[in-house]
Amino acid sequence: MKVLKFGGTSVGSAKNINNVINILNSYVEKDSVICVVSAVGGITDKLLLAGNLAKNKDASFSEVFNTIKQIHLDIISELIPLKKESVLNFINHKLETLKSLLDGIYLINELSPKTSDKLTSYGELLSSFIIAETMKSRGLSTELKNSQELIVTNSNFTKAEVDYVATNKNIQNYFNSANQSITILPGFISNSKSGEQTTLGRGGSDFTAAIVAAALHVEQLEIWTDVSGMFTTNPKLVKQAYPIEKLSYQEAMELSHFGAKVLYPPTVQPALELNIPIHIKNTLEPESVGTIISNDHVNSGIPVKGISNINNIALLTLQGTGMIGIPGFSKRLFETLSQEKINVILITQASSEHSICIGIDENDADLAKTAIDKTFENEIALSKIDPIIVETNLSIIALIGDNMKNHQGISGKMFSTLGKNNINIRAIAQGASEKNISAVILQNDVKKALNCLHEQFFESKTKQLNVFITGVGNVGEKLVEQIKQQKKYLKENLKINLRVVGLSNSKTMIFNDEGIDLNTWKDQLQHGEKASLQGFFEAIKTLNLRNSIFVDVTANYEVANLYADYLRQSIGVVACNKIACSSNYENYSLLKRLSLKYNAPFLFETNVGAGLPIIDTLNNLIASGDKITSVQAVLSGSLNFVFNNFDDTVSFHDVVKQAQSEGYTEPDPRIDLSGIDVARKILILARESGLEMNLEDISNTPFLSESGLKSSSVNEFFQTLINDESHYQRLYASAKVKNCQLKYVAKLINGKASVSLEEIPEGHPFYNLKGKDNIVMFYTQRYKEQPMIIKGAGAGADVTASGLFADIIRIGNN
């Protein structure tokens, strides 16, 4: 004999009920079957809603009743198209008694626990009758047995306790004489010893099935639901979650207690006592393996079997110096809660005895505070202890596994993973058995916590990066295309799952917490919501995804001013924008400190040499103990392009215009040609080498004409280039006559920095620098005579995008 239980979703529609019947039909070929069924999906909630509306004198309860009625009549219509008069007569009679009960609640405006049990029992009574009659109409040997005639309880309404002696006797007597192939039992419902209707608590249909399985000593209990077993964590919050093939009873109870809704926690106990395996299966995918719960599970060697959570937790803290060394405080605290029938979910106490923290359901918080403050009112009045402190909007997350006690460092990994993702832990609890490590966190952090812990303990060391890009012009567009092209490679070879979650330009912005489709991002962005810098930041903060990275591909002061806000939220920053790192030293230093404090990477390689690894090389030199003595560099690919293409056959205006149109200069080329851009770059290198310096400390010798320097607009500037062509031709002629090349050079020597246009003689490393190339020479204590040289393209959308991409990958590899 087999016992199968089907949950609310499994019997939630005519289509799903047909799946149930097909499953039962396949089983009955080999053995007789007991089938325990829940109410049709959502009906129990609707019954309680109707009851509460009626209690509150809200006549709309009858609308909810009509919905309940129509749902069942529609199911009957689909399942039993012919000869259904007797079925409808019974159902209509049951519905009439339900309506009478609701009318009575409305009249006396009271819904006692006893009446609530009568009310909610209708769900299972209706569903079990419909399923049994459907099977009979199809010629299957089926009988309906009311579980209220089998399961005996006390009178603790809404969560009655089972009298196993009487219950087991009833079950055994009935099934010893039963001849039918299939017996349908309504779950959840029972009767007290005095014959009053009781229920086994929400989710109690699982319990009904376990009670029957234990009474009959069956070989296996099957729980059929709408998911393929118990998952490593909540699959609705963590897309990478997967079914656990085998669990111990203890692991299953821990997971069930901590929010895994697949199994009702008391279910495990009757099966555990008789070592009856429980098999969790999926009604919609009957071929899936599911999860087997038993004591015979194969030890996989994996220390953590699952991660679970409970939401809507309130944390109560009883504290005060008057508690230290005084016995009895804990006893009085828990007695008070017990008297108010408040369940304690988590307990933790510091060894100093100065405080006790308890986690309870948030709905009980006000009652608990009132009761506890009253119990300790004398101590509070004497200032021996503080009034109870209540914190709400919290959740408990828990790592669960029998094998955790045999593995060192599990809790360390758990807490460091949460810390790295800016998830603050309010309280911690761990039993000596080490089957469960629990932490209280903000409810808003649950999704992020589950995802980062799942990545740490269950995924094949694949790190998910969630990228938010602002500025998708020339460079930004190239970055998106590079990410799209390399996405598969990163996942397969570097174990980095890189997702672009947010994009913004100056007009619109879009978000998708599952990752934006990079094939259609331009179309999506055209129809995005109105963009704002603060709105973009708030959206990233609200999404609260692990390993979030903000990428700034703008030259905007306001964007740079938001870096500190991002870092404080443990959101990494990758910046193409030089403004922040070349702003006043106090701001630069603050950003570096925030990066360390909140474990949020702050990378800006492209600030100096586009895709060239200049800053990374400098940092590695310093980290290895070397010391920079001087730096000489051509740091502007834009200016190098200009002076490599300028001679006495072409006007300076035309060369600058060409550089602008090909994207080598900023939209306002004065930024490049004034030397301010190069000054910012050498300033950043000076700071990264350990010097405290500001932009005004850098000597900048301009080469532009006086009218060019004073120009107030881009158009006016280009006009000055035409007017002052002779000035620029004199610069070229002076270099040519000496067989020199014009290069705009940045220097850092003896702690002093300068930028200027120089005539570079033949034979110098800068002389043959072509096109838009950059070059940096690091002289150090180790590289005294022959400098370390880094050379390559220092401008252009592709290489700048690749530099940003490299910083993102660098974060993924850390």
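A residue is called buried if its relative accessible area is under 20%, exposed if over 50%, and partly exposed in between, with a 1.4 Å probe and protein chains only. This is a predicted model, in which local features need pLDDT of at least 70, side-chain atom pairs count only at pLDDT 80 or more, and totals for chains, interfaces and linings use all residues. Residues are numbered from 1 along each chain as its sequence is written, and side-chain values use heavy atoms, with hydrogens and water left out.

By this cut-off Phe643 is buried at 6% relative accessibility, and Phe703 is buried at 5%. Rings of Phe, Tyr and Trp (its six-membered ring) pair if their centres lie within 6.5 Å, and planes under 30 degrees apart count as stacked, over 60 as edge-to-face and the rest as tilted. The whole structure holds 24 aromatic pairs, and two of them are set out here.

| Pair | Centre to centre | Angle between planes | Type |
|---|---|---|---|
| Tyr174 and Phe175 | 4.9 Å | 85 degrees | edge-to-face |
| Phe643 and Phe703 | 5.2 Å | 70 degrees | edge-to-face |

Helices (H or I, at least four residues) and strands (E, at least two) are DSSP runs, numbered from the N terminus.

Asn497, which lies in strand E19 (residues 496–504), is buried with a relative accessible area of 11%, while Ser355, in strand E14 (residues 355–361), is buried at 16% relative accessibility.
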